Amino acid sequence: MRPGTWGDIVEAAGLSADPKEYRSRLAEQSDDQIDAWAAELMRDITIRRGVRRVVEEFCTSARIGEREFERVFTSGGGPAASIGRDRDGHLMVPSIAVHALVPGIRTQVADGRQRLIDYLVANFEELVYV
């Protein structure tokens, strides 16, 4: 491939060449689209890299601690009884339920949309990988 071709392909596919442009394009999307993309990204990362990675990155991007994470997860429909810890003490939830974080963050904070965009942008490299 000649230099610059990959960036052209990424842009032609609707993605952006860099995280800054991606954030700008996300700002133009509907709430439903942001929610769908965030849930899909969580699912994809869970498959490739594990639930722990999703939990850690979501907490960082959404600027929430473990206690807030539990509220967000359960308010989005995640089962409270399924929240636990792995053998190293890291917070865990079932992979099939990580999508509950999307509606949950919207019910718990006024800027839930922005925090979902922050999560998507923080994982820009993951999107390019897929």
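## Buried residues and the chain as a whole

A residue is called buried when its relative accessible area is under 20%. This cut-off is used throughout the account below, which concerns a predicted model. In the protein chain, which has 130 residues, buried residues make up 38%.

The chain has eight helices and two strands, and reading along the sequence gives the pattern α-α-α-α-α-β-β-α-α-α. When contacts between residues at least 6 apart in sequence are considered, 64% of them join residues at least 24 apart.

## Aromatic pairs

The count of aromatic pairs in this model comes to three, and two of them are described here. Because tyrosine 22 belongs to helix 2 (residues 19–27) and phenylalanine 124 to helix 8 (residues 124–129), the pair ties together parts that are 102 residues apart in sequence. Tyrosine 22 and phenylalanine 124 are both buried.

Another pair is formed by phenylalanine 58 and tyrosine 119, whose ring centres are 5.8 Å apart and whose planes stand at 65°; planes over 60 degrees apart count as edge-to-face, so this pair is edge-to-face. Here too distant parts of the chain are linked, since phenylalanine 58 is in helix 4 (residues 51–62) and tyrosine 119 is in helix 7 (residues 112–122), 61 residues apart. Both phenylalanine 58 and tyrosine 119 are buried.

Helix 7, which holds tyrosine 119, is mostly covered, with eight of its eleven residues buried. The buried residues of helix 7 are Gly112, Arg115, Leu116, Ile117, Asp118, Tyr119, Leu120 and Val121.

The axes of helix 2 and helix 7 come within 10 Å and cross at roughly 145°, and the crossing is right-handed. On the side of helix 2, the residues in contact are Pro19, Tyr22, Arg23, Leu26 and Ala27, and they meet Arg113, Gln114, Ile117, Asp118, Leu120 and Val121 in helix 7. Sorted by class, this contact of helix 2 with helix 7 has seven nonpolar residues, one polar residue and three charged residues.

## Asparagine 123, between helix 7 and helix 8

Asparagine 123 is found in the loop between helix 7 and helix 8. Its relative accessible area is 2%, and because residues under 20% count as buried, asparagine 123 is buried. Leaving aside residues up to four places away in sequence, asparagine 123 touches Leu41, Ile45 and Glu57.

## Helix 5 against helix 6

Two packed helices are described by the angle between their axes and the distance between the axes. For helix 5 (residues 66–75) and helix 6 (residues 101–108), the axes come within 7 Å and cross at roughly 110°. Angles of 65 to 115 degrees count as roughly perpendicular, so helix 5 is roughly perpendicular to helix 6. The crossing of helix 5 and helix 6 is right-handed.

In this contact, Phe69, Arg71, Val72, Phe73 and Ser75 of helix 5 meet Leu101, Gly104, Ile105, Thr107 and Gln108 of helix 6. The residues of the contact of helix 5 with helix 6 divide into five nonpolar, four polar and one charged.

Technical notes: Residues numbered from 1 in each chain as written. Predicted model: local features only at pLDDT ≥ 70, side-chain atom pairs only at ≥ 80, totals over all residues. Heavy atoms only, no water. Axes fitted to C-alpha atoms, helices over the stretch in contact; angles between N-to-C directions. Helix = DSSP H or I, 4+ residues; strand = E, 2+ residues; numbered from the N terminus. Parallel < 35°, antiparallel > 145°, perpendicular 65-115°, else oblique. Left-handed = near helix turned anticlockwise from the far one by under 90°. Contact = heavy atoms within 4.5 Å. Nonpolar A, V, L, I, M, F, W, Y, C, P; charged D, E, K, R; others polar. Phe/Tyr/Trp six-rings, centres within 6.5 Å; stacked < 30°, edge-to-face > 60°. Buried < 20%, exposed > 50% of the residue type's maximum accessible area, 1.4 Å probe, protein only.
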